[in-house]
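Here is a short briefing on one protein model and its ligand. Keep the structure open as you read, and find each residue as it comes up.

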Amino acid sequence: MREVHPQVLAAIGPHAYAEVMAAVHAHLPPPPGPFTSLLPPQGVKLTPPHFAYLKISEGCNHRCSFCIIPNLRGALTSRPIGEVLGEAERLVAAGVRELLVISQDTSAYGRDLGYRTDFRNGRPVRTDLDTLARALGELPAWVRLHYLYPYPQVDALIPLMAEERILPYLDIPLQHASPRILEAMRRPAASEQVLARIADWRERCPGLVIRSTFIVGFPGETEADFEQLLRFLAAARLDRVGCFAYSPVAGAAANALPDQLPEALREERLERFMAVQAAISREKLKARIGQRLTVLVDEVAADQVIARSYADAPEIDGTVTVPGPWDLEPGDFIEVEVTDARDHDLWVRPIED
Ligand code: SF4
């Protein structure tokens, strides 16, 4: 690589934080003291100041046939819980109002470390997802968990969501509902069991919002498989759904599967899938008209404010629009009443108690 790009100063593998820091310090020595440092104590991040992504692990132990992340990032490597909590506390102290917990497989957090005990502020803390979620839930910020694999650990999070210690928002990529296709994808979870679990989660946490992602047009997907997926969608009535038409990724095992579908068919299934989900989303959002919500302000313009509720992760879900000029700042929480709804977004008016 150095022959082609002589300006590259160091080449380092994944997870090698110490080596990265050593290389950075070798080429850009740290300033001698806090009064000369340009970096704030919470570090530098690329999101607006009021929300931040909190990465808890890197890599993945699964081998989904359409994915090459394990090849690129390696096996699951969890960050020690004390380090994660320290970063979260610094971010919140710096003004972050929403922490978005991310990883390739959030539900597996700590498994590679044997869920070992770490320390935070002199107190022992177990490196597992339940402990992490409880500790983050004590901070004065929204906590949103992304990318939960459908493991039993997810069930243990529902009481924390019902008590609103963390946001009642489950981002659980399901990918398909046909057992044949899930097997070809090397994914778990029969759809009947998933439907029963969704019903149980909703019973225990009635405000729960479930987000998922799916792939349509996977190699070998028949019309019957696809219709099974549409029936699952209609039965599950998920709140937020992303969908991709399958496309091969260089190096993925699925490339070698027989019965690859033509692009036109993959795109047609994507359109049919999204039409079914748009109708579900529209109905669910219409049912929110008249409800009161707490929303987090993202942007303030001269004629409107753009915000999000607990049901909306930034960038991927809907928005909540407050028409009119309001004296608000990004990062403010306000109470609103829902006045209108479209396929994915809400319109509201502020409530002044
Ligand atoms: S799709 Fe997700 S769970 Fe599957 S191998 Fe890739 S990163 Fe892991």
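H62 is partly exposed, because 15 other C-beta atoms lie within 10 Å. Keep in mind that this is a predicted model.

- H62 sits in the loop between β2 (57–58) and α2 (69–73).
- Set aside the neighbours within four places in sequence, and H62 is in contact with P70 and D105.
- H62 and A75 are 13 residues apart in sequence, and their C-alpha atoms are 8.5 Å apart in space.
- Which residues surround the ligand? They are C60, H62, R63, C64, C67, I69, P70, Q104, D105 and Y149.
- The shell around the ligand divides into six nonpolar, two polar and two charged residues.

**The chain as a whole**

- The protein chain has nine helices and 15 strands.
- Of its 353 residues, 33% are buried.
- Take the contacts in the chain with a separation of 6 or more: 69% of them join residues 24 or more positions apart.
- The mean pLDDT of the protein chain is 90, and 89% of its residues reach 70 or more.
- Residues 31–40 have a pLDDT below 50, and this stretch has four contacts in the model beyond near neighbours in sequence.
- Where pLDDT is low, the predicted coordinates should not be read in detail.

**Helix α9 and its cover**

- Helix α9 covers residues 263–286, which is 24 residues.
- From its first C-alpha to its last, α9 reaches 34 Å, close to the 34 Å expected at 1.5 Å a residue.
- Which residues of α9 are buried? They are R269, F273, Q277, S281 and L285.
- Look at the numbering of that list as you read the next point.
- An α-helix has 3.6 residues a turn, so residues three or four places apart point the same way.

- β14 and β15 form a hairpin, with four residues between them.
- Five bridges pair β14 with β15 in the antiparallel sense.
- E337 has R349 in β15 as its bridge partner.
- Strand β13 (residues 320–323) also joins β15, through two bridges, and these strands run parallel.
- V320 has L346 in β15 as its bridge partner.

**After β15: I351**

- I351 lies in the segment after β15.
- Is I351 buried or exposed? I351 is exposed, because 11 other C-beta atoms lie within 10 Å.
- Beyond its neighbours within four places in sequence, I351 is in contact with R292, E335, V336 and E337.
- I351 and V336 are 15 residues apart in sequence, yet 5.0 Å apart in space from C-alpha to C-alpha.

- Strand β5 (residues 117–120) and strand β6 (residues 123–126) run antiparallel, joined by four bridges.
- F119 has P124 in β6 as its bridge partner.
- Two residues lie between β5 and β6 in this hairpin, and N121 in the turn has a positive phi of about 50°.

**Positive phi in two loops**

- Q175 has a positive phi of about 70°, although it is not a glycine.
- Where is Q175? It lies in the loop between β8 (169–171) and α6 (179–185).
- Q175 is buried, because 22 other C-beta atoms lie within 10 Å.
- R186 has a positive phi of about 60°, and R186 is not a glycine either.
- R186 is in the loop between α6 and α7 (191–204).
- R186 counts as partly exposed, because it has 14 C-beta neighbours inside 10 Å.

Note on methods
Residues numbered from 1 in each chain as written. Predicted model: local features only at pLDDT ≥ 70, side-chain atom pairs only at ≥ 80, totals over all residues. Near = placed C-beta within 6 Å. Nonpolar A, V, L, I, M, F, W, Y, C, P; charged D, E, K, R; others polar. pLDDT = per-residue confidence, 0-100. Contact = placed C-beta atoms within 7 Å. Expected span 1.5 Å × (residues − 1). Buried ≥ 20, exposed ≤ 12 C-beta atoms within 10 Å, placed from the backbone. Pairing = 2+ DSSP bridges.
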